[in-house]
Amino acid sequence: MKRNKKSVRNIFSIKSYIFYFLLLAFVITCCFLLFLSHLNVDYGSVEKSAKLTFINILFISLVFTLLDGIYRKITVERPLRSILEATEKLTSGNFSVRIRPFHGFDSNSALDTIIENFNKMAEELSGVETLRNDFISNVSHEIKTPLAVIKNYADMLKRSDITEEERIEYAGIIEQSSARLSNLITNILKLNKLENQQIFPDVKEFDLGNQLCECILNMEELFERKNLELDTDIEEGVKIKSDEELLSIVWNNILSNAIKFTDEGGLITVSLRKNDDRAEVDISDTGCGMSPDVGRRIFEKFYQGDESHSGEGNGLGLALVKRVIDITGGEIFVESERGKGSKFIIKLPAG
C-alpha cells in the first residue's frame, strides 16, 4: 500500500520555527523596551545582554517548535494517518476495516467524531456489500431454476415418441416457467426502481374501498380454483390521498400470498375501516401461518419461510410491499401463528 507522503510531517518544521522565533522576538523586544524606557541604564551592557537574549530566543523558539511538533504528531497526525490508511483499505474493497477511537486531551474532539462517522459508514457499506452479494446469488439461483426447466422440457418436446397429451403438458410447464421468469425480472426491476431512485408518489384522492374490491375481483378465478371462502367487511366512502398505482402492488401481493398459503376450502378475510386520520386494511387467512422468526424476516428480499411453496414465488413480493408502504408513509404489521394463519395490518394516512 502506498502511503501519501504529504500526510507525514516531521517533528521539526522550518515554518513553525520561524513563526515562534518572530513571535518571541517581538514579544520580548516590546517587553524590554517598555521596561527600559523608565530606567537609566548603560546601553553598552544592554547591547551585550541583547546578544545573549537573542541566543535565548533562538533556543526557546527551537523548544517551542519541537513541543508543537510532538503535540501535533500525537494529537493530529497519528489519527489522521490511521484514517488515511483505513480509507485506502476501504477504497480497495476491504469493508471490514475499522478505526480505533482516539481520545486526545479533548475527550470529544472533532477527530473522534470523524472516526465514529467513518466506522458507521464502513459498517453500512459492509452491510450493503453483503446484501449485494446475497442479491446476486439469489437472483442467479432464481433465474437458473426456470431456465433449467424450460431447457429440459424443450429437449423433451424434440422427441418424436411423445404423445400429444405429453406435448401439451410439457408446453404448459414451459409456459409456467417462462411466466415465473418474466414475473421475477419484472419484480426485480420494480424493486430496483423503488430502492435506488427517489420516488415521488403520484398523490391523488381515491376511494380505497373501490380499489380493494377491484383487486379482489381480478383474483376471483384464483379464489374459485382453490374453492376459498371470502369474507369482506369494507367500509364505504373511505377516501385517501396516496399513489393508487403503487398501493395496488400492496394489495395484489398480499392477496396472492393469502391465496397461495391457504389450503383448499380455507377462509380469507379483507376488512377496511377508518380510524381518525388513518385508514386501516386487514387481510387475514387461515393458511399455514408462520413462526415468529419467519415473521421477522418476511420483508427481506428473496426470503421464503415456507419452502414447500417456493416454486410459486420468488421472495420479492413482500419486499416490494414494504418499500411501497414506506414510500407512501404508511405502516405494516404482521400477526401470525404456526398452523392458524396470518394477518397483515396496513395503516395508511388518510390525508
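Predicted model: local features only at pLDDT ≥ 70, side-chain atom pairs only at ≥ 80, totals over all residues.
The largest nonpolar core takes in 39 residues, and the ones touching the most other members are Leu-208, Trp-251, Ile-254 and Ile-346. The top contributor is α7, with nine residues. Ile-346 shows what the packing looks like up close. Setting aside neighbours within four places in sequence, Ile-346 is in contact with Trp-251 and Ile-254, with Ala-279, Glu-280 and Val-281, and with Ile-325, Glu-331 and Ile-332. There is also a second, separate core, made of ten residues, with Ile-83, Ala-86, Leu-90 and Ile-115 among them.

As for the cysteines, zero disulfides turn up anywhere in the structure. Cys-213 has the sulfur of Cys-215 as its nearest cysteine sulfur, but that one sits 9.4 Å away. Cys-213 is partly exposed, at 34% relative accessibility, and Cys-288 is also partly exposed, with a relative accessible area of 26%.

Then there is Asp-207, which lies in strand β1 (residues 203–207). Asp-207 is buried but goes without a salt bridge. The nearest side chain of opposite charge belongs to Lys-239, 5.6 Å away, so the pair falls outside the 4 Å cut-off for a salt bridge. What the Asp-207 side chain does reach is the backbone nitrogen of Asn-210, at 3.1 Å. Beyond neighbours within four places in sequence, Asp-207 is in contact with Gly-237, Val-238 and Lys-239.

How values were computed. Residues numbered from 1 in each chain as written. Heavy atoms only, no water. Core = buried A, V, L, I, M, F, W, Y, C linked by side-chain atoms within 4.5 Å. Buried < 20%, exposed > 50% of the residue type's maximum accessible area, 1.4 Å probe, protein only. Helix = DSSP H or I, 4+ residues; strand = E, 2+ residues; numbered from the N terminus. Contact = heavy atoms within 4.5 Å. Disulfide = S-S within 2.5 Å. Lys, Arg positive; Asp, Glu negative; His and termini not counted. Polar contact = N/O pair within 3.5 Å; in protein donor to acceptor, adjacent residues only side chain to side chain.
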